[in-house]
Amino acid sequence: MKNSGARKAPAPKKTPSAKKKAPAAKTAPAAKKAPAKRAPTAKKAPAAKAPPVKKASAVKKPAVAPKKAAVAVKGAQTRTVAGAPRGESRTALVRRARRINRELAEVYPYAHPELDFENPFQLVVATVLSAQTTDLRVNQTTPALFAKYPTPEDLAAANPEEVEEILRPTGFFRAKTKSVIGLSKALAEEFGGEVPGRLEDLVKLPGVGRKTAFVVLGNAFGRPGITVDTHFQRLVRRWRWTDETDPDKIEAAVGALFPKSDWTNLSHHVIWHGRRICHARKPACGACPIAPLCPAYGEGETDPEKARKLLKYEKAGLPGQRLNPPQAYLDAGGRPAPPLGAG
């Protein structure tokens, strides 16, 4: 019995092997450290979700924009931040400018000079008188002037006080009287009573600058020219065709974007659009047919109904500026302006 009991005594020695397994259990905390390192990467996920929320709210703003102008909404948002189309190449600018002109040609197929005239002499006088006033007021005034002084020789010999009284409605009537009598004398004495058809001769006449000269050359002689008036300057800058402010530099910059044969009609299209839709203070963006091409979309009223109330002349169902407009204008639904004093 003692021997058998002695043999059983070593059995508890198996416990050290159990103690050896205990250190293995100590390795468990090491496994817990690995997930702890991944925790910081998981925290970055919420930051990535923030930008899409801002973009979604920005897109909701142009919901009321006209369907044709929907393409321009993104451009308008970029414009308010950046101020101009970014990364536009010279080729892209030329294509965009020419496309705008083509679109305007479809909108105003009847565009024409908005001064009433029957010959080059009447046109050069009317253009000089149009400074600082509307073509409508000039058209309402010149019938009496040309009825009394039909030729350069007649106006050159006129009594200045009588001419001033006729021109009073156009404003600055004393300075304008001096200019039209002076240019009439120059025509009578230096050009045989005929209006010259060359730019270098026209700009020598009193009161005639490059703008007036190109109006006369393009519309009385059929020679291409760009008329850089206030409307033209405003729109080509809005469209980012040029950043120039000097009229001569604007003329050169815009002229380089188009074939010379397009210059005269381009002038009509741009000026007509500026008078009817793209106004100086409040453009009718929501009623603009070229809104998708305009980097300045959104400067004016974008609501279609409100924008339509801003339209002028035939676009608003109202008379135009000429008392005797071309037949094409009348055929397109345009209405002649009333004479002076007719209301």
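This is a predicted model: local features need pLDDT of at least 70, side-chain atom pairs count only at pLDDT 80 or more; totals for chains, interfaces and linings use all residues.
Residues are numbered from 1 along each chain as its sequence is written, and side-chain values use heavy atoms, with hydrogens and water left out.

The chain holds 18 helices and zero strands, where helices (H or I, at least four residues) and strands (E, at least two) are DSSP runs numbered from the N terminus. Of its 343 residues, 41% count as buried; buried means under 20% relative accessible area, exposed over 50%, and partly exposed in between (1.4 Å probe, protein chains only). Among contacts (heavy atoms within 4.5 Å) between residues at least 6 apart in sequence, 61% join residues at least 24 apart.

Helix α16 spans residues 263-276. At 1.5 Å a residue, its 14 residues should span 20 Å, and the end C-alpha atoms are 20 Å apart, which agrees; the expected span is 1.5 Å times one less than the number of residues. Because 13 of the 14 residues of α16 are buried, this helix is largely enclosed by the rest of the structure.

Helix α6 (residues 90-107) packs against α16 at an angle of about 70 degrees, with the axes 9 Å apart. Axes are lines fitted to C-alpha atoms, for helices over the stretch in contact, and angles run from 0 to 180 degrees between N-to-C directions. The angle makes α6 roughly perpendicular to α16 (under 35 degrees counts as roughly parallel, over 145 as roughly antiparallel, 65 to 115 as roughly perpendicular and the rest as oblique). Asn101, Leu104 and Ala105 of α6 meet Leu266, His269, Val270 and His273 of α16.

Helices α10 (residues 160-167) and α11 (residues 173-190) pack at about 120 degrees, with their axes 9 Å apart, and are therefore oblique to each other. From α10, Pro160, Val163, Glu164 and Leu167 contact Phe173, Arg174, Lys176, Thr177, Val180 and Ile181 of α11. By class, this contact has six nonpolar, one polar and three charged residues (Ala, Val, Leu, Ile, Met, Phe, Trp, Tyr, Cys and Pro count as nonpolar, Asp, Glu, Lys and Arg as charged, and the others, Gly among them, as polar).

Phe191 lies in the loop between α11 and α12 (199-202). Phe191 is partly exposed, with a relative accessible area of 23%. Not counting residues up to four places away in sequence, Phe191 touches Ala186, Pro196, Asp201 and Leu205. Phe191 and Asp201 are 10 residues apart in sequence and 9.3 Å apart in space, C-alpha to C-alpha.
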